[in-house]
Amino acid sequence: MRQPPKILVVDDMADNVDIVRARLERLGYDVIVASNGEEALETTRSALPDLVLLDVMMPKLDGMEVVRQLKADPTLPFIPILLLTARSDPKDIVVGLDSGADDYLTKPIDNATLVARVQAMLRIKALHNQVQEQADRLAKQASELAAWAGKLEERVAEQLAELERVGRLRRFLAPQIAELVLSDGDGGLLDSHRREVVVLFCDLRGFTAFAETAEPEEVMAVLREYHGVLGPLVRLHEGTLDHFAGDGIMVFFNDPVPSPDAPAQAVRLADAIRCEIDALTASWTERGYKLGVGIGISQGFATLGQIGFEGHTDYTAIGTVANVAARLCADAKSGEILLTKKLATAVSGIAEVLSIGSVELKGLARPIEICRLGSLRTE
């Protein structure tokens, strides 16, 4: 509300206007005037006064009709209207209030009463404005909250998608490798491609026979122990875990993040598995389980990328190199690590290798030269 408040005085009698105007201006109010109903409508819409003092008996458009039109105009803010009327009959007063007026004064107007009613109407106006401002502010805040809620929903969806992506990556990548892949914004590292990799297969000797005769609880306990050893070792040596399949696992190196010494990583992982499983084997033997581990490692080119369907994908290596590693693993005796001649040559500086010669492997058209991994050399 303005300071000082603006008051519109409407009366077709100039003397009445002058009297009311003089009284209000002495109190510091900004007073404007209109001489009839039509002028009152026009002035109210243009000047937007804080209070209208409106005579009832006017030619053409009386005060009652002016009140109805002003109160029915949705473009106008709340403006209290104080009727000035010579009619003191309660029925006339009720008609005036029913038309939308907020209060009334009967003529002749008492100065003290006029001042009191004007102050009361202006207090109502100020309170209404305050409520309206609060409502507008709340509406704005609600709109802003709705906008933030929409943004938050988008952020949550993005974060959930990212968490799902992180979860998928960490199923087959060491944490430090997963972070590198996650830093690749468009995920291009996981697109299908061809690269030379080193593939390691590992599974338990004697597990099939054991699983046929042992209780299910015993089988699951052995697998938990076995996987509990293999999982941390794969992560420690930064291998990419293709999958667990019962007692068998497949791990490869040099993808999705290139490794400068993938052959050495694979051999060190194989040796670590052999050492750790030896300790487990002793425990299994005490429980009457005849179990051991066989490992096969191969080096060569493979096609790599994501396979699966919506909601479940894996990252894998496909090609002869994986088949060779699997066949070597199947032929390896308990505690034995078999590797191709190419790989043996690559790691001869860090490990002792013994040539076995040319061997025919199931599913392969030609024999290949293989070697047995001995102990690692002291660095």
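**Three helical regions of a predicted model**

Leaving aside residues up to four places away in sequence, threonine 281 touches Leu291 and Gly292. The structure in which these contacts occur is a predicted model. Threonine 281 belongs to helix α9, which covers residues 262–286. Its relative accessible area is 18%; because buried means under 20% relative accessible area, threonine 281 counts as buried.

Attention now turns to a pair of helices. Two packed helices are described by the angle between their axes and the distance between the axes. Helix α2 (residues 37–47) and helix α3 (residues 63–72) have axes that come within 9 Å and cross at roughly 25°. Angles under 35 degrees count as roughly parallel, and α2 is therefore roughly parallel to α3. The crossing in which α2 passes α3 is right-handed. Where the two helices meet, α2 contributes Gly37, Ala40, Leu41, Thr44 and Arg45, while α3 contributes Val66, Gln69 and Leu70.

The last region is helix α10, made up of the 12 residues 320–331.

Val321, Ala322, Val324, Ala325, Leu328 and Cys329 are buried. When α10 is seen down its axis, these buried residues fall within an arc of 160°, which means that they line one face of the helix. Thr320 and Ala330, on the other side of α10, are exposed.

Methods:
Residues are numbered from 1 along each chain as its sequence is written. This is a predicted model: local features need pLDDT of at least 70, side-chain atom pairs count only at pLDDT 80 or more; totals for chains, interfaces and linings use all residues. Side-chain values use heavy atoms; hydrogens and water are left out. Helices (H or I, at least four residues) and strands (E, at least two) are DSSP runs, numbered from the N terminus. The expected span of a helix is 1.5 Å times one less than its number of residues. Buried means under 20% relative accessible area, exposed over 50%, partly exposed in between (1.4 Å probe, protein chains only). The arc is that of the directions from the helix axis to the C-beta atoms. Axes are lines fitted to C-alpha atoms, for helices over the stretch in contact, and angles run from 0 to 180 degrees between N-to-C directions. Angles under 35 degrees count as roughly parallel, over 145 as roughly antiparallel, 65 to 115 as roughly perpendicular and the rest as oblique. A crossing is left-handed if the near helix is turned anticlockwise from the far one by less than a right angle, and right-handed if clockwise. Contact means heavy atoms within 4.5 Å.
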